[in-house]
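Please work through each task before reading its solution.

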Amino acid sequence: MGNNIKKEIKLLGRNYILLAKIRKEKFEKYNFLLLNEIIRSSKNNGIYISLNKPCSTLIESMKNHSIDVNKLVFIDCVGRNISKKCAIISSPSKLTDIGITIDSILKKTKIEFIYIDSIDSFTIYNQVNMVI
């Protein structure tokens, strides 16, 4: 699957929206594999919106999977630990706060992609028509 991901990302070009459906039991492995390939193919930084794990836990897991966390700015919707790399949002239900935070990051940093780790998690806290 790793080689397929590389090929598919290259075929997408520069401007794209990518949605990957990953089974729960394989989520971490393939989520990180996909993210790593997107980072490698990008010239600029990205925003990672975490709806599943606190930022501190996520960064450690990413480092263990050889992901360059220095190319990411995090929006953490589940954690409470404030850090330089993580913007904290009190809940995934705060879509306006997430949007304002994204806008603030875009004004300060060249961002090439936004990576949301789980669209499904947004729908737990928000109406589907608000998420889409």
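A disulfide is taken here as a pair of cysteine sulfur atoms within 2.5 Å. The model is predicted, so local features need pLDDT of at least 70 and side-chain atom pairs count only at pLDDT 80 or more, while totals for chains, interfaces and linings use all residues. Residues are numbered from 1 along each chain as its sequence is written, and side-chain values use heavy atoms, with hydrogens and water left out.

**Exercise 1.** Find which cysteines form a disulfide, and state what the link ties together.

Solution. The structure holds 1 disulfide, and its partners are Cys-55 and Cys-86, whose sulfur atoms are 1.6 Å apart. Turning to geometry, the angle about the S-S bond is -55°, and the link of Cys-55 and Cys-86 is left-handed. Helices (H or I, at least four residues) and strands (E, at least two) are DSSP runs, numbered from the N terminus. Because Cys-55 lies in helix H3 (residues 55-64) and Cys-86 in strand E3 (residues 86-88), the pair ties together parts that are 31 residues apart in sequence.

**Exercise 2.** Determine whether Cys-77 is buried or exposed, and how far away the nearest cysteine sulfur is.

Solution. Buried means under 20% relative accessible area, exposed over 50%, and partly exposed in between (1.4 Å probe, protein chains only). Both Cys-55 and Cys-86 are buried. Cys-77 is in no disulfide, the nearest cysteine sulfur being that of Cys-55, 11 Å away; Cys-77 is itself buried, with a relative accessible area of 2%.
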